[in-house]
Amino acid sequence: MVKTYAYDDQTQITAHFNAKEFRCKCGKPHDFNVSDELVEKLENIRDVLNCRNIHISSGYRCSDHDKEVGGSGSGKHTQGLAADVCCYDQDGKPISSKIVSCKAQDIGFGGIANINTSYTYTHLDVRTGKKWYGDETKGTSWGCNDLYEYYGIPRDDGKDDEPVGTTKQGVDISYCQNKVDWAKVSGIDFAILRAGFGKYTKQKDAMFESHYAGAKKIGLPIGAYWYSYATNADEARMEADACIEILKGKQFEYPIYYDVEEEKQLSTGKQNVSEIIKAFLERVEAAGYWVGLYMSASPMSSLVTDDILKRYAIWVAHVGVKKPSYSGSYGAWQYSWKGKVSGITGDVDMDYCYVDYPTQIKAKGLNGFSKNNTADDPKDSDTSTNPPASSETPSDPPQNDNTISVEVTLNGEKYTGTLTKK
Ligand SMILES: [Zn+2]
Ligand SMILES: [Zn+2]
């Protein structure tokens, strides 16, 4: 969305960009427009390039100013969709606009062009439709399809992000992945399953039983997460009880995570958010589970007290970056929402795990494993001897292929419920 700001507006649009950086430099104190998407993408490139700062030499331009600086008077700058930027590294040196251009291409800017002969400034815009990639010092009539190829920059093949040592590669899946051919699933070491959401056991994830059975069948270690809507500690304890009921009779080699990401929760502030988290984790832990917290890097950094962050398993979410911008230690990182995994149809969330949870959880006899019975280890026994869930969860509604749990957002409000097949 493109927003209009008054000339002297100093709104902090995102963590590192203020509205005033985008206003027109013609000298007249008029309103200006800035696209939210433009600023978000600039945050993104700041992260990916690990910039100390990004200087915006030109953001919004009125038509007159656009013409003054050699534009057409109606280009992307006049629509609030563009910024000319210099990205500085941690030593304060400008990063080559060839590198900036390539990363901007990865991030999905629609228009990207070097604009000076020393290759320090880059024009970036969020045009839709046909993309324009080029180098204005070589003329604007010419463009290319791939800036890596154009500048001869080797593509980062992701090797730096490859799991090292004992790092495990996993996925987290939910009702969104309703087509999984478990016999064909390969290339992953673990899966974290969405068990359900909210306060009631009837809100079990529609694919939880299916995913659980499929993963167990191929001997894939699993954990689970519970998606929270709690806005206070009492509701969090109700969510914990529902979660415990759903997990009953099952075994998990990875932790049980509490997923806290709703704006309605985060907006209540650090103290309340931390109380919610603690209430849930204490309750589920007391029921015999290794528990943890799933959150995005930013709220994880600002809205959770240290005692929680040090005490429980931490699974931090931050996609599209080399490293999550969370300075505490973490056991797992969700690094992509667009992974492709053999046997799973569609995009899938991807995770790295750095802690050997399976060994520790089994040694402690948590998550449905019994301490003195090594035969629980699926490696040592036929996994079919695991107790079927239905035998131990009599209070669960029977699994019924004719019903699905749904969540719908209407006018910003979320609704949940069950739909029955006709
Ligand atoms: Zn102007
Ligand atoms: Zn520009």
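User: What covers the buried residues of helix 3?

Analyst: This is a predicted model. In it, the cover over the buried residues of helix 3 includes helix 1, strand 6 (82–88), strand 7 (111–114), strand 8 (122–125) and helix 4 (147–151).

User: And which residues of helix 3 are buried?

Analyst: Helix 3 covers residues 97–107, and Ser97, Val100, Ser101, Cys102, Lys103 and Ala104 are buried there.

User: What follows helix 3?

Analyst: Glycine 108, with a positive phi near 105°.

User: OK, switching to helix 6. Which of its residues are buried?

Analyst: Ala236, Glu239, Ala240, Ala242, Cys243, Ile246 and Leu247. Looking down the axis of helix 6, these buried residues fall within an arc of 170°, so they line one face of the helix.

User: What does that face pack against?

Analyst: The buried residues of helix 6 pack against strand 11 (190–197), strand 12 (222–227), strand 13 (256–259) and helix 8 (270–286).

User: How far apart are the end C-alpha atoms of helix 6?

Analyst: They are 21 Å apart. Helix 6 has 15 residues (233–247), which at 1.5 Å a residue should span 21 Å, so the two agree. Just after helix 6 comes glycine 249, with a positive phi of about 85°.

User: Now the core. Which residues touch the most other members of the largest nonpolar one?

Analyst: Ala191, Ile222, Leu293 and Val316, out of 72 residues in that core. Helix 8 gives the most to this core, with 7 residues.

User: What is valine 316 in contact with?

Analyst: Setting aside neighbours within four places in sequence, valine 316 is in contact with Met295, Ala297, Met300, Pro324, Tyr326, Tyr330 and Trp333. There's also a second, separate core of 30 residues, including Phe22, Phe32, Ile45 and Ala82.

User: Is asparagine 367 buried or exposed?

Analyst: Buried, because 24 other C-beta atoms lie within 10 Å and the cut-off for buried is 20 or more. Asparagine 50 has 14 within 10 Å, so it counts as partly exposed.

Notes: Residues are numbered from 1 along each chain as its sequence is written. Chains are lettered from A and ligands numbered from 1 in the order in which they are written. This is a predicted model: local features need pLDDT of at least 70, side-chain atom pairs count only at pLDDT 80 or more; totals for chains, interfaces and linings use all residues. Helices (H or I, at least four residues) and strands (E, at least two) are DSSP runs, numbered from the N terminus. The expected span of a helix is 1.5 Å times one less than its number of residues. A residue is buried if 20 or more other C-beta atoms lie within 10 Å of its own, exposed if 12 or fewer, and partly exposed in between; C-beta atoms are placed from the backbone. The arc is that of the directions from the helix axis to the C-beta atoms. Two residues are in contact if their C-beta atoms, placed from the backbone, lie within 7 Å. A nonpolar core is a set of buried Ala, Val, Leu, Ile, Met, Phe, Trp, Tyr and Cys residues joined through C-beta atoms within 7 Å.
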